[in-house]
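Have the sequence and the 3D view open side by side as you read.

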Amino acid sequence: QTFRDTAGRTWTVAIDIAAIKRVRSLLDIDLLEVLPGKGVPGRGLGIVDRDPVLFVDILYVLCKPEADRAGVTDEEFGRGLGGDALLAASDAFTEAFISFYPSPRDRKRMRRAVEHMSAMLEKRRDSLDSSLESTVEQAMERRLAECGASSGRPPEQSVSILTDSPSASSA
């Protein structure tokens, strides 16, 4: 699985036993915590949403042999990940993780788990969006009410004074 970073470099995410051991050794993280039957998904899948910095560290360790050959440090690697590049890296990681499983049945199970987790995250984002909109609207209404109270005029008149002034009409 590959992705392109913001510097235009293409990286290959390969998850195999050697890569899992490298992540365990260098980061003390067990990517296999998300194995079906081993309890609640741990730090593996979904890490990009919970901790993007840790996710980039994991990704760097997975891509470390390639990064070493290219002379790219972990800091340079991290600088190349943000926005769409981070999303592409997350997709590549997820696909590599699913492909790791030798059994088609396990791959299917992992894909369902990823889909379920994605749906849950989307619901969470929708809920946060609604909450944020409501909070912003309430803050704006309070601020408009405060502006109207401090000028002695309703907020609509305060705004119309700015647009009806002689300097505004001569502009």
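**Notes on the model**

1. Start with helix α6: its 18 residues reach 26 Å from first C-alpha to last, close to the 26 Å expected at 1.5 Å a residue. The expected span is 1.5 Å times one less than the number of residues. Helices here are DSSP runs of H or I with at least four residues, strands are runs of E with at least two, and both are numbered from the N terminus.

2. Before going on, a word on the source: this is a predicted model, where local features need pLDDT of at least 70 and side-chain atom pairs count only at pLDDT 80 or more, while totals for chains, interfaces and linings use all residues. Residues are numbered from 1 along each chain as its sequence is written, and side-chain values use heavy atoms, with hydrogens and water left out.

3. Which residues of α6 are buried? They are A85, L86, A89, S90, A92, F93, T94, A96, F97, I98 and F100. (Buried is under 20% relative accessible area, exposed is over 50%, and partly exposed is in between, with a 1.4 Å probe and protein chains only.)

4. Now look at the largest nonpolar core, which has 34 residues, with F3 and F77 making the most contacts inside it. Such a core is a set of buried Ala, Val, Leu, Ile, Met, Phe, Trp, Tyr and Cys residues joined through side-chain atoms within 4.5 Å. Helices α1, α3, α6 and α7 each supply at least two residues of this core, and α6 gives the most, with 9.

5. Click on F3 next. Beyond its neighbours within four places in sequence, F3 is in contact (heavy atoms within 4.5 Å) with residues including W11, L59, F77 and A92.

6. On to the rings: the whole structure has 6 aromatic pairs. Rings of Phe, Tyr and Trp (its six-membered ring) pair if their centres lie within 6.5 Å; planes under 30 degrees apart are stacked, over 60 edge-to-face, and the rest tilted. W11 and F77 are edge-to-face because their centres are 5.0 Å apart and their planes at 75 degrees. W11 sits in strand β2 and F77 in helix α5, so the pair ties together parts 66 residues apart in sequence.

7. F97 and Y101 are edge-to-face too, with centres 5.8 Å apart and planes at 70 degrees. F97 is buried at 1% relative accessible area, and Y101 is buried at 3%. Together with F55, F93 and F100, they form one aromatic cluster.
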